[in-house]
Amino acid sequence: MTDTTTSEDTWFYTQGGDRKGPVPADKLRELLAAQRIDGETLIWRQGQSAWQPLRTTEIGAQLSDVPPPIDASHVNDGWVWALAFAPIVYLFVEVAIINYRDSHPANGTFYEAFLAPLIWLIPLVANATLCLVDAEQLKRAGYSSGWMTLFALLLAPVYLFLRAQRLRQTPTYGFVWVASFIVCIVLRVM
């Protein structure tokens, strides 16, 4: 939906950095009820001078009982910074497991059955846990978003960049994750 025609009853909204619309006000209310958009979603219609958060418009009246999200500067970023440096921690775990294998060659079946899967299982579970704990923290701060939880489970770096976008922050922790990952690849090759 990228029609540029407008009327007083049609609105445009932003989602993922894209302009969507025009849509009737009832459609915005449906999206709001389904939590596909929220009070911080920027909306615009003909006659307005600029985009504004949905919560500041008449459509945002149904949000009157819900306080706005707390300021992003007050959201604890500790979990995402732990996640950003996690690839380096996983490298140390992998080195420890490989050193155990090399120092205990008689336990080859133990290594193959129990320790080898830990090399990929620990990062998978730890990334998902860190992301989910942070996503729950964001939900309590008023930044609820179901699609972010999906990325929290599947792709940690995508979650970091989406989180930064959602909180309107510079995605420094996403770049640190990418750099940590590259450093780990280089160290594995050496």
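Buried denotes under 20% relative accessible area, exposed over 50%, and partly exposed in between (1.4 Å probe, protein chains only). The model is predicted: local features need pLDDT of at least 70, side-chain atom pairs count only at pLDDT 80 or more, and totals for chains, interfaces and linings use all residues. Residues are numbered from 1 along each chain as its sequence is written, and side-chain values use heavy atoms, with hydrogens and water left out.

**View 1. Buried residues of helix 2 and their cover.** Helices (H or I, at least four residues) and strands (E, at least two) are DSSP runs, numbered from the N terminus. The buried residues of helix 2 include V80, L83, Y90, L91 and I97. Their cover includes helix 3 (108–115), helix 4 (118–140), helix 6 (156–166) and helix 7 (172–189), where contact means heavy atoms within 4.5 Å.

**View 2. The kink in helix 2.** At A86, shortly before the proline P87, helix 2 has a kink of about 50°. The bend at a residue is the angle between axes fitted to the seven residues ending there and the seven starting there. Both A86 and P87 are buried.

View 3. Four strands form an open sheet in the order 2-1-3-4, with antiparallel pairing. Strand 2 (18–24) and strand 4 (52–53) are the edge strands, each pairing on one side only. Two strands pair if DSSP finds at least two bridges between them; strand 1 (residues 10–15) and strand 2 are joined in the antiparallel sense over five bridges. W11 has V23 in strand 2 as its bridge partner.
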